Amino acid sequence: MKKNDIILIISILVITLVAVLGLNIWQRQNTNDSAMAVVIIDGEEYASYSLSVNRTETIELPDGSYNVLKISDGYAEVTEASCRDQICVNHFHIHYSGETIVCLPNKVVVEIVGGEEDDVDGFTN
Amino acid sequence: MKSRKIAFLGLLIALAFVLSYVEMLLPINIGIPGAKVGLANLVIMVALYAIGEKNAFILSVVRVVLVGLTFGNLAMMIYSLAGAMLSFAAMFIAKRIKLFSVTGVSVIGGVFHNLGQIIVAIIVLDTASLIYYFPFLVVVGTVSGIVIGIISGMIIERFKKNNFGF
């Protein structure tokens, strides 16, 4: 390993760290009580559910494949899926605005949208 | 010498093919789409330094097509092809500017491989918010790039020492 390699690695990691921190702060500021979990299939919006209501929804696709979306305590997660790789099932649960769970094989995306800007009290967790 | 080079290229393609398969069998799943260890990149790195850039490019394309046809589908092939092409272009440039050693080139390859995959995912799914995954993919790409770089550095060194160069 040359000195340049180490500089490269350190700068990549530092830039990423700063980006992640910035994103995190931005997400926390943009998430409030009215946050919604939006389900997008193949680029088209399919449904949106409020994060403040606990529920379990099965998203069924025309070709028979499915994803089960569970919302509890303000967090959304995919608990079951028909796809092979199961990345969406293993994905950590999402809560902050902009966070997504993706199921590539089914082309399903679950995205958190922060909702209306709350001007009285911002919700932080 | 030429036939020897062709035989060696064939050997490397087979090796890259097998490593891609091994990677599929590995139960590594960190819940981020597109995150891969990139074992096959080990072979491409060795090829890049040992049998030349043109052959390494052929190896890179043939591997993706073979793996896509055997284990995946067309969509998967497009994902990996985008990742493989972008990563190869980045490694090619990184090698040419001679600023980095094998490890640096490998890190750049790993990062750009993940970048290529996420760009295709954004286009296919029409969801720009997937870019949120990018920082995590960069870290995964960097770490695996370091490991792959150190290992391929050792292989390339032995390769040259044993006068196997063509």
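Which residues of β6(A) are buried on one side, and which on the other? I began my notes with that strand. T100(A) and V102(A) are buried on one side of β6(A), and I101(A) and C103(A) on the other, so both faces are covered. I count a residue as buried if 20 or more other C-beta atoms lie within 10 Å of its own, as exposed if 12 or fewer do, and as partly exposed in between, with C-beta atoms placed from the backbone. In a regular strand the side chains alternate between the two faces of the sheet.

**Ground rules.** I noted that this is a predicted model, in which local features need pLDDT of at least 70 and side-chain atom pairs count only at pLDDT 80 or more, while totals for chains, interfaces and linings use all residues. Residues are numbered from 1 along each chain as its sequence is written, and chains are lettered from A and ligands numbered from 1 in the order in which they are written. Helices (H or I, at least four residues) and strands (E, at least two) are DSSP runs, numbered from the N terminus.

**Chain A, four-stranded sheet.** I traced an open sheet of four strands in the order β2-β1-β7-β6 of chain A. The pairing is antiparallel. Two strands pair if DSSP finds at least two bridges between them. At the edges I found β2 (44-50) and β6 (100-103) of chain A. Each has a single partner strand, so one side of each is left without a neighbour in the sheet.

Next I checked the pairs. Strand β1 (residues 36-41) of chain A is joined to β2(A) by six bridges, and the two run antiparallel. There I41(A) has E44(A) of β2(A) as its bridge partner. β6(A) pairs with β7 (residues 108-113) of chain A over four bridges, again in the antiparallel sense. V102(A) faces V109(A) of β7(A) across this pairing, standing opposite that residue. I also found that β6(A) and β7(A) form a hairpin with four residues between them. In the turn, K107(A) has a positive phi of about 55 degrees.

**One residue of β1(A).** I picked A37(A), which lies in strand β1 of chain A. Why is A37(A) called buried? A37(A) is buried because 25 other C-beta atoms lie within 10 Å. I then listed what A37(A) touches, leaving out residues up to four places away in sequence: S48(A), Y49(A), L51(A), L69(A), I71(A), A76(A), V110(A) and I112(A). Two residues are in contact if their C-beta atoms, placed from the backbone, lie within 7 Å. A37(A) and A76(A) are 39 residues apart in sequence but 7.0 Å apart in space, C-alpha to C-alpha.

**Chain A, three-stranded sheet.** I found an open sheet with the order β3-β4-β5 in chain A, also of antiparallel pairing. Its edge strands are β3 (55-60) and β5 (75-81), each pairing on one side only. Neighbouring strands here are turned by 25 degrees against each other on average, direction ignored. Strand β4 (residues 66-72) of chain A is joined to β5(A) by six bridges. In this pairing N67(A) stands opposite A81(A).

**Chain B, helices.** I turned to α1 (residues 2-25) of chain B, which has 24 residues. From first C-alpha to last, α1(B) reaches 35 Å, close to the 34 Å expected at 1.5 Å a residue. The expected span is 1.5 Å times one less than the number of residues. Its buried residues are L12(B), A16(B), L19(B) and S20(B). Their cover includes α2 (40-50) and α3 (53-71) of chain B.

The axes of α4 (residues 74-96) of chain B and α5(B) come within 7 Å and cross at roughly 150 degrees. I also looked at α5(B) against α6(B): these pack at about 145 degrees, with axes 7 Å apart.

**Between the chains.** How many residues does each chain bring to the contact? I read 22 residues from chain B and 26 residues from chain A. On the side of chain B that touches chain A, α5 (102-125) and α6 (134-161) each supply at least two residues. The largest share, six residues, comes from α5(B).

Conventions: Axes are lines fitted to C-alpha atoms, for helices over the stretch in contact, and angles run from 0 to 180 degrees between N-to-C directions.
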